[in-house]
Amino acid sequence: MKVAIFGFGTVGSGVYDVINMNNALIEKRAGKPVEIKYVLDLRDFPGNPVEKVLVHDVDTILNDPEVGVIAEVMGGENPAYKFTKAALEKGKSVCTSNKELVAKHGAELLEIAKAHNCSYLFEASVGGGIPILRSLTEALTADDIQTVRGIVNGTTNYILSRMGDAGLDFDVALKEAQDNGFAERNPSADIDGIDAQRKTSILASLITGKQVDGEDIYTEGITKITATDIEYAKSLNAKIKLFSVTKRENGNIFALVAPFMVRENNQLYTVNNVFNAILVTGNAVGDVMFYGSGAGKLPTASAVVGDIVELTKFAGQNIATVWSQEKLQLTSKDSLENKFFVRVPAADTEKAEKLLGVSEKAAELVNGEAAFITEKMTEADFEAKAAELNIINRIRVDF
C-alpha cells in the first residue's frame, strides 16, 4: 500500500515516524507492506529524511494511481476539505485527525467515500490515541447508547489539575500549559470549549447516526473558573472538570460542554493533567471507560496509523459508518436536571437558599460571601431563579 501524508507538522511527523518505526509490525497486521510515497507540505525540511518523499503540489499525489491511502493531518477546514474531497472522488481512502473538518463535513465525506468505493476514517479526531470511535461504531453496535460523558480536552484538564494541585490562578496555569507545549499560543479553542464542542459533535453524530452541528451544542469553557472556586471544590471533597456530555433521555437527545464538580465516586474524578477519559453507558453493556493520552504527537499518530492499517486491509472496499447528513435537532438543555454549586454575597444568603434550596453547604472560605449546592432542578428553573439573585459564580454538580 502506497501512502501519502498531507501535512508534516506535529501529527504528520508522528505518522511518518510510527510507520517507519513499526514498519514490520504494521506490514504483518495490514497483510501487505505499507510504504510512504509522498509527504505534502509547503515547507522544506533540509537534512530531514522526509526530503526524499516531500512534495509541494497536491496534484502530484491526487494524480498518482499508486497512492491508495492518504493521512490528512493538516488541521483546519481549508484546504483540508478541498484536498480530502478530491482524494475521495478519485477513489483514494482518507483517514484524519482533523476534528474541525470531521465535525463540519464528516457525513458528506462519508457519502462521497461510499459513492467511490473507498473509505473515510477519523479515529484520531476524538481522544487522540484512545480507540473510542471504532468502539462506538463496531464493538458497541449491539447497544443503545444512553450517555457519553467525558474529558476530551487535555489542555483544559491540565489547567484545572494544576489549579487544584498547586493552587495556581487560571492565568498562571494557562501560561504553564503554554510553556510546556500543552496549550497553543492562542488557546481560545481549548479554554473556550470549542475543541471539546467539535469532539462532542462527532460523538453525538455517531451515536445518533445523524448530523449534530457543533453550533447547536451549548458550550461553556473554563475561563470563569477561579482559584477560589477550586478551593471551594476541595472543601467539598470535589474537583472541577470540563465535561463533554451527550445524553439520550425519554426520546430526547441533549449535548453540552461545561465544567462540572465531581467527587471520587465518579470514574472521571481521578483523570488528571493532559489525560482524557470517556465514559460510555449502554443499555446492555452498562458503563465502559476509555482512558489514555488524548493528544500529543505519537498517541494521535498511533490512531492515524491504526486507520491506515484498517484501510489497507479493506482496500477497494467501503468501510461503512452510519452518519447521515440529515440534521438532528437537539433538545434544549432547559429541561435537563442538575444540582448547582453557587456563590452569592453574604447579604443574599437567605434569599438564595430559599429560592434555590440547599442540599449541602460549603465552608465559609471568603469573607462577605456564602456558597452552597442547590437542590436538583431543571436548567430553566435555575436560570429563572438565578436572575433574581446576585450570583458570583455557578458550576454544575455531578454528585
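## The main core

The largest nonpolar core has 80 residues, and the members that touch the most others are Tyr-120, Ile-132 and Phe-341. Helix 5, which spans residues 99-115, gives this core its largest share: eight residues. All of this is read from a predicted model.

Look at Tyr-120. Leave out the neighbours within four places in sequence, and Tyr-120 still contacts Thr-84, Leu-88, Val-94, Thr-96, Leu-101, Val-102, Gly-106, Leu-109, Leu-110 and Ala-113.

## The chain as a whole

The protein chain contains 14 helices and 17 strands. Its C-alpha atoms fill a box of roughly 75 × 45 × 30 Å along the principal axes. Does the radius of gyration agree or disagree with that of a compact globule? It agrees, because a compact globule of 399 residues would have a value near 21 Å and the protein chain has 23 Å.

Buried residues make up 53% of the 399 residues. Residues 24 or more positions apart account for 72% of them.

## Surface and charge

The protein chain exposes about 17100 Å². Carbon and sulfur atoms supply 47% of that area. The chain carries 42 positive and 55 negative side chains. How far apart do the centres of the two sets lie? They lie 3 Å apart.

## Inside helix 5: Leu-109

Leu-109 is found in helix 5. Is Leu-109 buried or exposed? Leu-109 has a relative accessible area of 0%, so it is buried. Beyond residues up to four places away in sequence, Leu-109 touches Tyr-81, Thr-84, Lys-85, Leu-88, Leu-101 and Tyr-120.

Now compare sequence with space. Leu-109 and Ala-139 are 30 residues apart in sequence, and their C-alpha atoms are 23 Å apart in space.

Start with Val-344 in strand 13, residues 337-345. Val-344 is buried, because its relative accessible area is 0%. Which residues does Val-344 contact, leaving aside its neighbours within four places in sequence? They are Thr-349, Ala-352, Gly-368, Glu-369, Ala-370, Phe-372, Asn-390, Ile-391 and Ile-392. Val-344 and Ile-392 are 48 residues apart in sequence, yet 5.4 Å apart from C-alpha to C-alpha.

Val-39 sits in strand 2, residues 35-40. Its relative accessibility is 0%, so Val-39 counts as buried. Not counting residues up to four places away in sequence, Val-39 touches Ile-5, Phe-8, Tyr-16, Val-50, Val-53, Leu-54 and Val-55. Val-39 and Ile-112 are 73 residues apart along the chain, and 24 Å separates their C-alpha atoms.

Val-288 belongs to strand 12, residues 286-293. Why does Val-288 count as partly exposed? Its relative accessible area is 21%, and buried would mean under 20%. Apart from neighbours within four places in sequence, Val-288 contacts Ile-278, Leu-279 and Val-280.

Most residues other than glycine have a negative phi, and most peptide bonds are trans.

What kind of peptide bond joins Asn-78 and Pro-79? The bond is cis, with omega about 5 degrees. Pro-79 lies in the loop between strand 4 (67-72) and helix 4 (80-89).

Asn-117 is not a glycine, yet its phi is positive, at about 55 degrees. Asn-117 lies in the loop between helix 5 and strand 6 (120-121). With a relative accessible area of 45%, Asn-117 is partly exposed.

Asn-273 also has a positive phi, near 55 degrees, in a residue other than glycine. Where is Asn-273 placed? Asn-273 is in the loop between strand 10 (252-262) and strand 11 (275-282). Asn-273 is partly exposed, with a relative accessible area of 32%.

Terms used. Residues numbered from 1 in each chain as written. Predicted model: local features only at pLDDT ≥ 70, side-chain atom pairs only at ≥ 80, totals over all residues. Heavy atoms only, no water. Helix = DSSP H or I, 4+ residues; strand = E, 2+ residues; numbered from the N terminus. Rg over C-alpha atoms; globule rule 2.2 N^0.38 Å. Buried < 20%, exposed > 50% of the residue type's maximum accessible area, 1.4 Å probe, protein only. Contact = heavy atoms within 4.5 Å. Areas by Shrake-Rupley, 256 points an atom, 1.4 Å probe, with all protein chains shown as cover. Lys, Arg positive; Asp, Glu negative; His and termini not counted. Charge placed at Lys NZ, Arg CZ, Asp CG, Glu CD. Core = buried A, V, L, I, M, F, W, Y, C linked by side-chain atoms within 4.5 Å.
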